[in-house]
Every structure is written in structure tokens, then in C-alpha cells.
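Trainee: Could you walk me through this one slowly? I'd like to understand how the pieces are arranged.

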Amino acid sequence: MSRSSATEAATETHAAWLAAHRAELLELVRELVSLPSENRPPRGEEGPCQLRVAAYLSSLGLTVDEFAPDEVPGATGHPAWWPGREYAGRPNVAARLRGRGGGRSLIFSGHVDVVPALGEGAHGYWDGEVEDGRLYGRGSLDMKGGVACYLHALRCLVECGAPLAGDIVVETTVDEEFGGANGTLACRLRGYNADGAVLPEPTGLAVCHATRGGIQYRLHARGEKGGMDFGGGAPPSPLHTLARTAVALADAEPARAAPIYQYLLHSGDELPWGTGEGTPASGVLEFWAEILPGTSRETLEAELRAIVEPAAVGGVRIEWEQRTRFLPAVDQDPYTPIVSAMRAALGDARAEPRVAPFASDAFMFSEHSPTPVVVCGPGGDNPHAPDEYVLVDDLHALSTAYVRLALDWCGAL
Ligand SMILES: [Zn+2]
């Protein structure tokens with residue numbers, strides 16, 4: 001058999017396996033969603049979900065490597081390490097499917113932590129309810145759906161007995177949300193590097209060679225506490241300054257290429273029975289500002305200061321508290337081989353590579369490892385909100401594409 005007809009035969013076997021195991025892919029997503037791996041810095045609840053992933057990998061006959069990010073030599077002293085997080089009971093998980101040698105190697109990487117469940121929607125957070133082609137739940141889209149797709153693809157490769165030439169590494173990391181990214185860094189420093197990596201953050205099946213970056217700040221405005229103006233003049237409220245700041249950020253947004261999300265605006269004071277207690281001495285405004293590739297941290301900070309500082313009035317002082325690390329934008333060549341291979345695997349080779357409309361820990365690959373990365377995951381909506389969902393059709397399309405990618409990239413025969 002020629003190489004290409006052998007690959008086609010292998011692909012047919014895998015297609016039959018995927019068709020026969022569709023329900024199990026959804027079950028796997030639902031199971032991962034049902035394990036609430038909320039990240040609440042400095043701690044997180046990823047443990048049970050990681051245990052489940054480890055059991056899945058060992059049931060495939062693979063040796064599972066479990067390690068806390070801060071136990072990896074060189075991790076906590078690395079310039080990209082973000083300090084202050086605690087990793088007891090929340091290991092990274094990784095396993096390697098060894099190839100025969102001579103092929104290109106591939107990493108699938110995804111985070112299992114999710115943002116906390118806040119607010120009520122029509123669907124539960126942990127039930128994995130399926131309705132009208134959508135699978136609902138916290139993390140279904142960001143990003144347990146994508147993680148399940150590559151675990152399922154790996155199982156397909158193992159059970160079909162694919163004679164791959166190159167190695168495949170699968171890893172699930174902890175602590176990505178809130179700019180963590182230490183889990184992904186720790187995998188690189190543990191030695192999991194390859195010829196290409198796939199990160200299935202939700203892109204709606206778009207193939208992304210680049211991503212946005214960003215940073216989160218909390219602004220503390222401080223003034224003078226005072227009562228009401230009985231002729232003596234009330235001191236300017238810090239909340240007034242922060243409201244002006246919020247408007248200035250909103251006004252600046254249309255001219256920007258990327259959004260600024262504003263999260264929090266409140267007085268620092270407890271009000272005993274409501275309003276009318278005079279002027280609070282302090283207030284807080286929190287926001288997350290994103291950037292496109294090509295914008296440095298220095299440029300972003302100068303831009304933000306130019307927006308915020310003129311908003312302060314009446315002697316109110318603004319202090320800047322950095323809430324997350326600066327996540328650099330990823331800016332790789334759109335024709336990086338792993339990007340082109342992912343496009344071909346989706347059967348969508350003509351679609352132009354894009355910039356993913358979010359920041360992620362992809363920069364740990366592009367800036368702190370020798371492994372080029374492509375970001376390509378399923379579609380859905382409401383990430384970081386109630387009623388988060390992933391599209392069921394995308395899960396099937398993606399797991400199929402991951403199998404094809406592995407066969408083409410690593411060499412099927
Ligand atoms: Zn994510």
C-alpha cells in the first residue's frame with residue numbers, strides 16, 4: 001500500500017470508530033462538567049477533575065504523570081512564573097503515546113479550571129444538560145469541551161491501533177483563569193515540548209495562529225471622608241472620580257481594536273442603612289483591557305494612564321493595583337506548519353488563519369518554549385457567564401479533526 005492509501009485506510013477505520021462512539025464523547029464532556037473545578041485564586045478545586053482525566057489516560061494503558069506546577073524544577077524561579085498561587089491538591093496531568101520514531105510530535109493542551117459559578121441562568125452549572133444541539137454547563141465551552149475532544153481523539157487512536165510515527169502528548173493543566181498560566185509553564189519546564197501544539201480554547205472552529213493579550217487592574221480611589229454640605233462644602237467623592245474613569249474607559253473603547261471589560265465599581269465603605277451617609281473615603285473600579293498582537297505592555301499601560309489620570313478630580317488620588325499578570329498577545333507566522341496542518345485537518349484549508357478574540361496561556365508555548373502552537377476549539381456562547389454552552393456538532397467535528405491532524409502530523413504509517 002502506498003503511504004497515502006494507507007493513510008486513507010487508517011482514516012476510514014478511525015471514522016468508523018468515531019461514528020460508533022459519538023455518545024461517549026458527549027458523556028465525557030458531561031462528566032468533566034459535572035466536576036466543579038472552580039478556580040478561586042489563590043486556590044482552586046481542579047483535583048477531582050484531574051483525577052478523572054488521569055483515570056481516563058491510564059485506562060488507555062498510558063503512564064500518567066501527575067505533578068504540582070510549583071514542584072517542577074525551575075518553575076517558581078522562572079521569569080514567567082506568577083507568584084502567590086497555591087497548588088496543594090491541584091496537579092497537572094500529562095501522558096505520552098509513544099510513536100515508532102521518525103515522525104513529528106504533537107501536544108494537546110487544555111486547562112480544566114473554570115471561573116466560579118456566579119449568577120443564575122435557565123440551565124444548571126454542573127448538569128451538562130443537552131438541548132437543541134447545545135451542551136450547557138460551566139466550562140463546557142471554556143474549555144472542557146475541547147479537552148474532551150482531544151481525550152476522545154486519543155482514545156480513538158489507541159483503540160484503532162494507529163501505528164503513529166511521532167509521539168503524542170496530552171496534558172490537562174490547572175490555574176489558567178485569572179491570568180494564572182503557571183500550569184502550562186510547568187508542563188513546558190517538565191520537558192513536554194514537541195513539533196507542534198494544539199490548544200482548544202473556544203474559537204468556533206476558527207484556526208488561530210495568534211491571540212489577543214491583556215491585563216487586569218483594580219483602581220483604588222482615595223479621598224476625604226465627609227458629611228453632607230450644610231454650607232461648608234462636601235469633599236469630592238472618590239466614586240465620582242471612578243464614575244468619570246468608567247465613562248472615559250467606555251468612551252475610549254470604540255477607537256480601540258480590542259475591548260475593555262469593566263467589572264466592578266463600588267464604594268470602599270460599608271453603608272449602615274443605605275445612601276445619604278455622606279462622602280465615602282474610598283472606592284474601587286476593576287477592569288480588564290485587551291490588546292491585539294503588536295502592542296507591548298508599555299504601550300498598553302501608557303494608553304490606560306492617559307485615559308484614567310485626567311478623570312481624577314478634586315484631589316482624589318488613584319492607586320493602581322495589578323490584578324493579573326500581563327498576558328502578551330501571541331503573534332506567530334500564519335503559515336506556521338502546525339497552523340496549516342490544523343486547517344487541512346478541518347478540511348478548511350482555504351480559511352485564513354485568525355487572531356483568537358481572547359487572551360490565553362498560548363503565549364507560554366510561543367514565548368517560553370520551542371513548540372509552535374495553534375489555537376482551535378469548538379464554538380458556543382456565554383463563557384464566564386450563566387448558561388455557558390458548547391455546540392454538540394462542533395465537538396464531533398473537532399474530535400474528528402484532531403484524529404486527522406494526529407494521523408497526518410505524526411505520520412500514520
Ligand atoms: Zn479558557
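Mentor: The axes of helix H4 (residues 140–159) and helix H10 come within 8 Å and cross at roughly 50°, where axes are lines fitted to C-alpha atoms, for helices over the stretch in contact, and angles run from 0 to 180 degrees between N-to-C directions. Helices (H or I, at least four residues) and strands (E, at least two) are DSSP runs, numbered from the N terminus. This is a predicted model, in which local features need pLDDT of at least 70, side-chain atom pairs count only at pLDDT 80 or more, and totals for chains, interfaces and linings use all residues. Residues are numbered from 1 along each chain as its sequence is written.

Trainee: What do we call the way H4 and H10 lie to each other?

Mentor: Because of that angle, H4 and H10 are oblique to each other; angles under 35 degrees count as roughly parallel, over 145 as roughly antiparallel, 65 to 115 as roughly perpendicular and the rest as oblique.

Trainee: Which residues make the contact?

Mentor: From H4 they include Gly145, Cys149 and Ala153, and from H10 they include Leu395, Leu398 and Tyr402, with two residues being in contact if their C-beta atoms, placed from the backbone, lie within 7 Å. The residues of this contact of H4 with H10 divide into 10 nonpolar, four polar and no charged, where Ala, Val, Leu, Ile, Met, Phe, Trp, Tyr, Cys and Pro count as nonpolar, Asp, Glu, Lys and Arg as charged, and the others, Gly among them, as polar.

Trainee: And how do H2 and H10 cross?

Mentor: The axes of H2 (residues 22–33) and H10 come within 11 Å and cross at roughly 110°, so H2 and H10 are roughly perpendicular to each other. Arg22, Leu25, Leu26 and Val29 of H2 make this contact with Val392, Leu395, His396 and Ser399 of H10, and its residues divide into five nonpolar, two polar and one charged.

Trainee: What about H2 and H4?

Mentor: Their axes come within 9 Å and cross at roughly 135°, which makes H2 oblique to H4. Among the residues that meet are Leu28 and Leu32 in H2 and Val147 and Leu151 in H4.

Trainee: Switching topic, in what order do the strands of the open sheet come?

Mentor: Four strands form it in the order E6-E7-E19-E18, with antiparallel pairing, and two strands pair if DSSP finds at least two bridges between them. The edge strands, each pairing on one side only, are E6 (130–131) and E18 (380–381). Helix H10 (residues 392–410) packs on this sheet, touching E6, E7 and E19, and its direction makes about 55° with that of E19.

Trainee: How many bridges join E7 to E19?

Mentor: Three bridges join E7 (residues 134–136) to E19 (residues 389–391), and leucine 135 stands opposite valine 390 in E19.

Trainee: Which strands does E11 pair with?

Mentor: E11 (residues 213–222) is joined to E13 (residues 282–291) by 10 bridges in an antiparallel arrangement, and E11 also pairs with E14 (residues 317–322) in the antiparallel sense over six bridges. In E14, glutamate 319 is the bridge partner of histidine 220.

Trainee: Last one: what domains does the assignment give?

Mentor: The domain assignment of the protein chain gives domain 1 (3–211 + 329–410) and domain 2 (213–322), the bounds coming from an automatic or database domain assignment. The contact takes seven residues from domain 1 and nine residues from domain 2, while 37 Å separate the two domain centres, taken over C-alpha atoms.
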